[in-house]
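Colleague: Could you walk me through this structure, a few points at a time?

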Amino acid sequence: MLRFLLKRLALLIPTFIGVTIVAFFFIRILPGDPVQVLAGERGVSPERHAEVLRQLGFDLPLWQQYFNYLGDIFRGDFGTSFASKRPVIYEFFSRFPATVELSLCAIILATVLGVPAGIVAAVNRGKWIDQATMGTALVGYSMPIFWWGLLLIIFFSGYLHWTPVSGRIALSYYFKPVTGFMLIDSLLSGQKGAFLSALHYLILPTVVLATIPLAVIARQTRSAMLEVLGEDYVRTARAKGLPPRRVVALHALRNALIPVVTTIGLQVGVLMAGAILTETVFSWPGIGKWMIESVNKRDYFVVQSGLLLIALIIMTVNLIVDVLYAVINPRIRHQ
Amino acid sequence: MTDITSPSPAPAPAAAHRLAGLREVWFYFSHSRGAVVGLVVFVALVLVALLAPWIAPHDPVFQYRDAFLTPPVWQEGGDPRFLLGTDAIGRDILSRLMHGARYSLLIGAVVVSLSLVGGIILGLLAGYFRGWVDALIMRVMDIILAFPSLLLALVLVTVIGPGLFNAMLAIALVLQPHFARLTRAAVISETNREYVTSARLAGAGHVRLMFSTILPNCLAPLIVQATLSFSSAILDAAALGFLGLGAQPPIPEWGTMLADSREFITRAWWVITIPGIAILVTVLAINLIGDGLRDALDPKLKRS
Amino acid sequence: MKLMKTLMTAATLVALLGGSAYAKQLVYCSEGSPEGFDPALWSAGTTFDASSRAVYDRLVDFELGGSAIVPSLAESWDISEDGTQITFHLRKGVKWQTTDYFTPTREFNADDVVWSFQRQADPASPWATYVDGASYQYFDSTGFKAAFKSVEKVDDYTVKFTFNSADSTVFVNFPMDFLSIGSAEYAAQLEAAGNMGQFNTLPVGTGGFQYVDYQTDTVIRYKAHPDHWSGKEKIDDLIFAITKEPAAAQEALKAGQCDVIPYPIPGDVDALSQDPNIVVSQTPGENVGFIAYNTQQAPFDKKEVRQALNMAVNKEAILEGVYAGKAQLAINPLPASSWASDPAGTIGTYDPEAAKKMLADAGVENLSLKLWWMPVARPYNPNGKRMGELLQADWSAIGVNVELVSMDWPVYLEESSKVDRDGAVMIGWGADNADPDNFLGVLLSCAAVGSNNRAQWCNEDYDALIQKAKGTFDQAERAAIYFEAEKIFHEEAPWLLLAHSNQYLAHSKRVLNFKQDPLGFHRFDGVDVAE
């Protein structure tokens, strides 16, 4: 097991270096630079322009900038945002909890609804309930997510006035962030109703973000269950006359869940960094939206370090999933 | 499987064999109602796309300056000239949708071809040669996969400049590692099979072994993945269009149509709803086909 | 469903009960996040609303709801005979804000003024680059830096500025945001603590509202400065809830979650006005949207070609399709409300046939034109792409082959300034101050070729008039000179003039005394809310 883990970790090193190269050079190939963006229609004099670039160290040869950047990263310095003049790491962690909160809620919702839906569909294979569930799942899977978000806003916020349009909590509540997770902070604040309010603001974005993972999980659960239900030991259990419910619960489910857990794990990685569209539609103050804005502003340090941090998170989540999978399923280790 | 005694496999039996295989796939495929519905819708879309210049009631870029934001014909204020209404500068939405079908299908086809070809070549090389070739290729794939795909596509498009073709390139690049991984895994499991060893002993070269001996036997998962990628390419292109980096004006690409009409969310529902439905229906049809193909090609599911 | 309703009722109920019934609170759903809180570093209106307009005061200020200049931290001022010196007499007894992070030991005085200007003017000041990439860009780009010679403290309540030459466009800079007055004492404390960056994150001013907290991209909170020199503001808590989607802000206004929203979608304005609880106000915008031809590129160097292109454009369709009818077609390159706008200017005629003939007479056939469309929405042009599509159709109608091109906004800005640019570029301008030179000089003078003069148009007669006006201090005299310059502009047609878009603002009926600002600021001084 340890060897497996070490091997996986060793594989991460070249990937990590590759990621730093991509993150660093991408933003620099982009035409235009942050000084011009800031100046807007007004423009900036060439002397002033050169001076600011020099202050930022952008006049050095690229390779030298790259090694400075690598060195800074290993010292834990991710640079300063040009747009806000604050450390990138500070900016990142003031937005990251919002993304994590939304993603976790979405994945929980998707799992809680998706796994039972998949089981029900598998057990009733071919019946109308199977077709209805899987049909719905396929529609969800095919949904253009930004359009879906807009439709839900029109209907639930604009027409029914049930949910707020954007934001994280009603403005009448005010407390200093402790963890950055609004649900937790609202409880810690001890203010009455704050938690409910935070939940109320989370509902719509969560539903939108959960749509695709929900469909994926339901489909995956169904096919994993079908596979397991066809295996010999389940047939034996059935033949022994065990009640079908027990067969499903005891024998089939446990084995079917292995690939499902993997799917869920991989979805977490996708969601955490991939909530861009949902964040854009709901003006959710998370990292996806921040990255897009920073690319547009040519905020070099934010983009290079932000991309790197996001990639690190995805890599870590995938590693954890791999390791978990190997723990559950020993055959993998020897491949 | 393939003829193992002769170095040049006789073409006739192989073709017959393939035909039988196809017939079997079609047999299972046509038994899935969803897949058939998907196929019918998809064929209809292709026809609309091909015939758009003749069947579209209007020129998709012509602006009726007297008819900005006309609602669909069944709604009060509708104009019988414009079945699904007009957009913000008086262009017929139905005609734009019909022409837009060309772009969406084109996007799907181009992206899938690019990523399929790229992914297969890389995957074959990696799986066949193993060693450092494999390590190098797979690490590059890992790097691509370490970034959220939409974000990576977005940065790529910003680098090479916004536009439909560049958007397709970027999407193809971020979808391609899936094909490479799939091919590699299939190749590795096939390489040690008897028929490959025999072909090698019979003196087949690398290229021949890779492409005509191993590849045909790994096709099933690739076909399924290709169908799924077709739909995600359309969705991703729409998303890029939505973020302002897709097709350039006055091209009637669906995602761009949607993005352009965002401001009308509260007062002209049709300009925002209709292109969305078009995207949803197309993607749904393709996914139905994909599911049907997967079931038809997957022997495990056939058995039970 | 039921759960949702219960949640909603519970949340609103508790909000009503638990919300501070005694404190007056106003929620402003701002359109974006501030770049920072030191106004001198930045250029976005959003940043100014959140920093200078709320927290800081200036020596002089724009009157509430207008662009006339009124006393603020300076009670009066004298301009020397030769126009090169301005002396300000400062207000006494002005108190700095006391916050968690700063407790002032003295009142506002001349040291604060000197420091606020020196830090931007003196490259040797430790404040010249107090954060990475700090750039006092407004100080530079408005020409203030070039004009500025020195600032000196005469006594605690008198400050004297000296300028390099007599220039009637200098004084109008003083009410602008980059010349907000900061506390020299606070700055010295930060400098001693080695924590100068804080000046941009935790502001201290003399203004009506003091900073309480900012949660990135979400909400900024202020409370009334209890000792403000003009008395405490009527609102106790001012909240900026950052809501980047205008549609979302509109819904929030209807639902009562916002009291004021800055940029309702022009097309939705009529529907919003129908709501009995909402007031929509509008002012003609101090901006202009236009297309700049490249007058140095053949065949667009011929004025006949430019005139013909202008004549082929159906501006009414653009007004309807792009601005939703919520703009004024421009008759001059500066807003019609300006005293320097010649009432004889016109929007021009729409006559495709005559345009075709004119092109033929000029000997131009098979004309091709690249049209650059803006990839971003700006107050002066809400939808560059749609405008591009409309223009393409109009110009195609007279046989001009139009290719629409665009690029990322920063690149667009840079490339479109270049003298050898290929094609006509869609662009615009929002006023920094009410001076006509801010349009007629900044955008069209010979000195601005290669930068803000995107038509690359240098007409000697025009330029001479603009320079003459700059040295003229009498308003009527200056206006006459500008009228003459505008005639040359119309004859030479370096631009296709489009529109001044109206600025809209919507607020709930419970907000009282809110005055919309013609320069586009969002100010909350003097505003009250009904109980």
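This is a predicted model: local features need pLDDT of at least 70, side-chain atom pairs count only at pLDDT 80 or more; totals for chains, interfaces and linings use all residues.

Modeller: Residues are numbered from 1 along each chain as its sequence is written, with chains lettered from A and ligands numbered from 1 in the order in which they are written.

Colleague: At what angle do α3(B) and α6(B) pack?

Modeller: Helices here are DSSP runs (H or I, at least four residues), numbered from the N terminus. The pair is α3 (residues 93-129) and α6 (residues 164-191) of chain B, with axes 5 Å apart. Axes are lines fitted to C-alpha atoms over the stretch in contact, and angles run from 0 to 180 degrees between N-to-C directions. On that basis the angle is about 40 degrees.

Colleague: Which helix gives the most to the side of chain A that touches chain C?

Modeller: Contact means C-beta atoms, placed from the backbone, within 7 Å, and 51 residues of chain A meet 52 of chain C that way. Helices supplying at least two residues each include α2 (34-39), α5 (88-123) and α9 (194-229) of chain A. With five residues, the top contributor is α9(A).

Colleague: Which residue just after α7(C) takes a positive phi?

Modeller: Helix α7 (residues 184-193) of chain C has buried residues (20 or more other C-beta atoms within 10 Å of their own, placed from the backbone), among them Tyr186(C) and Leu190(C). Their cover includes α4 (110-121) of chain C. Just after the helix, the residue with a phi of about 65 degrees is Gly194(C).

Key
Two residues are in contact if their C-beta atoms, placed from the backbone, lie within 7 Å. A residue is buried if 20 or more other C-beta atoms lie within 10 Å of its own, exposed if 12 or fewer, and partly exposed in between; C-beta atoms are placed from the backbone.
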